[in-house]
Amino acid sequence: MAIIAQNPGAVKGEEEKKTARTTWSQKKAASSIVAEKMFKAGFKARAYRMKDCARLLTLKVCPECGHSAGSSAVLCRDRICPTCEWRLSLKRYVQMAQALGKIQDIGDYHAMFLTLTIKNCRPGKLRGELGHMSEAWNRLLQRRPVKRIVAGWARSLEVTYNKERGDFHPHYHVILLLDPECDMSFGELQQSFNEWWQAAARLSYQPITDIRSITNLSPEEGNDGLKRAITETFKYAIKDSTLVEMPLTDFTRYVEAVDGKRMVAYGGIIKEARRELGIDTDELGEENMSDMICLHCGGIMTEELLEWSFSERTYKRIKEATATA
C-alpha cells in the first residue's frame, strides 16, 4: 500500500489556524459579556457596536510552509472591548520593537523598566486619581534631573481591581531610555525615582516604585528581558476576566473613569522614532491584510472565513477559499 506523505506546511497551517481561532474565540467571548454589561450600565450605543465587533473574521495561512499571515476583521475600537484591546496591544508591541530597533542604530542608550504606583482608591475616586497621576507624570518629566538623564519614554496605565475590598489600584508601567552619559548607579536610580515620584505626585506617604535594568535595546537579538518589558507595558489596561467578573456598579465606575483618558503615551526619542517611522498614531481601525502572497515562501495563502456564533460562543467556519492569480 502506497504511503502518501502529509504536507508538513499544511499540518502546521491547521495548527496555527486552530490556535488563532481559539484566541479570537476567547477574546470575542469576553467582549460579548462585556457588551452585555455595557448595555446594563447604560452605554447602549457602545454596547451594540461592541456586540458586533469582529463578528466576521478571516484567517490566512500558507498551505506550503504553514506560516500564518494574520487576520482581518471589522473592530469596534472601544477601549473597553477585550478583543480590540488585545489587537491594539499586539500592534503596540510591534511598533515599539520597530522604534527601539531604529533608536539602537543612533545611540547606546540604557533601557530601564519603571513602575510607579499610588495607593488603592474607591471606585468613585478613580477618575480623579487618574487625572492626578497624569498631572504628577508631567511634573515628574519637568524635574531638572529627570530631563537630564531621560532621553525617551513609553508609558502605559494599568488598573487592577481588588474584589475583596472593592477598590482599584492604578499604576504606570514605563520603558525609559536613559542618556548614555547617565552615571547614576542602580541603587541611586531606585532611590531617586522614589523621591521624585513622591514629590511629583505630592504624596504624604512613600509610594512603591520599582526600576529594573534592561541590558539590550534590540528585541530581535534574543533579549527576553526587553520583550517581557514591552509585553508588560502594552499588555492591557485591565484584565478581561476583571471586567467580566466585576460588579456592575464598579464596572460602570471604571468605564466612566477611563473615558477620555490617555492610556498610553510616548516622549523624547521614542516619540521621534515613531514619527519618523510613520507610526505616531495610537489607534486601531479596520484591519485589512489583503496581500495573499506568503512573505516566507512565496506561496498563495488560503483564507478561512469565520462567523461568530452567539449561541455557542465560538467562531464557526463559513467557507474556505484559495486566492486566484
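Arg202 is exposed, with a relative accessibility of 62%. Here, exposed means over 50% relative accessible area, buried means under 20%, and partly exposed lies in between (1.4 Å probe, protein chains only). Arg202 sits in the loop between α6 (186–200) and β6 (209–214). Its phi is positive, at about 55 degrees, although Arg202 is not a glycine. Most residues other than glycine have a negative phi. Arg77 also has a positive phi, near 65 degrees, and is not a glycine. Arg77 lies in the loop between β2 (68–73) and α3. With a relative accessible area of 56%, Arg77 is exposed.

The model is predicted: local features need pLDDT of at least 70, side-chain atom pairs count only at pLDDT 80 or more, and totals for chains, interfaces and linings use all residues. Residues are numbered from 1 along each chain as its sequence is written, and side-chain values use heavy atoms, with hydrogens and water left out.

The protein chain has ten helices and nine strands. Both are DSSP runs, numbered from the N terminus: helices are H or I with at least four residues, and strands are E with at least two. The protein chain holds 325 residues, and buried residues make up 49% of them. Contacts can also be sorted by separation along the chain. A contact means heavy atoms within 4.5 Å. Of the contacts with a separation of 6 or more, 72% are between residues 24 or more positions apart.

Helix packing comes next. Two packed helices are described by the angle between their axes and the distance between the axes. Helix α3 (residues 82–104) packs against helix α10 (residues 268–276) at an angle of about 105 degrees, and their axes are 9 Å apart. That makes α3 roughly perpendicular to α10. Axes are lines fitted to C-alpha atoms, for helices over the stretch in contact, and angles run from 0 to 180 degrees between N-to-C directions. Angles of 65 to 115 degrees count as roughly perpendicular, under 35 as roughly parallel, over 145 as roughly antiparallel, and the rest as oblique.

Which residues in α3 and α10 meet? From α3 come Gln95, Met96, Ala99, Lys102 and Ile103, and from α10 come Ile269, Ile270, Ala273, Arg274 and Glu276. By class, this contact of α3 with α10 has six nonpolar, one polar and three charged residues. Nonpolar covers Ala, Val, Leu, Ile, Met, Phe, Trp, Tyr, Cys and Pro; charged covers Asp, Glu, Lys and Arg; the others, Gly among them, are polar.

Glu232 is found in helix α7 (residues 224–234). With a relative accessible area of 27%, Glu232 is partly exposed. Leaving aside neighbours within four places in sequence, Glu232 is in contact with Phe113, Glu158 and His173. Tyr93 is 139 residues from Glu232 along the chain, and their C-alpha atoms are separated by 9.8 Å.

Charged pairs were examined next. Side chains of opposite charge can pair when their charged atoms come close. The structure holds eleven salt bridges. Each is a side-chain nitrogen of Lys or Arg within 4 Å of a carboxyl oxygen of Asp or Glu. Arg55 forms one with Asp52, and the closest N and O atoms are 3.1 Å apart. Arg55 is partly exposed at 28% relative accessibility, and Asp52 is partly exposed at 44%. A network of salt bridges links Asp52, Arg55 and Glu307.

Arg165 forms a salt bridge with Asp167, with the closest N and O atoms 3.0 Å apart. Arg165 is partly exposed, with a relative accessible area of 48%, whereas Asp167 is buried, at 8%. The side chains of Asp210 and Arg212 also meet in a salt bridge, 2.7 Å from N to O. Asp210 is partly exposed at 26% relative accessible area. Arg212 counts as exposed at 52%.

Cysteines complete the account. A disulfide is a covalent bond between the sulfur atoms of two cysteines. The structure holds zero disulfides, the cut-off being a pair of cysteine sulfur atoms within 2.5 Å.
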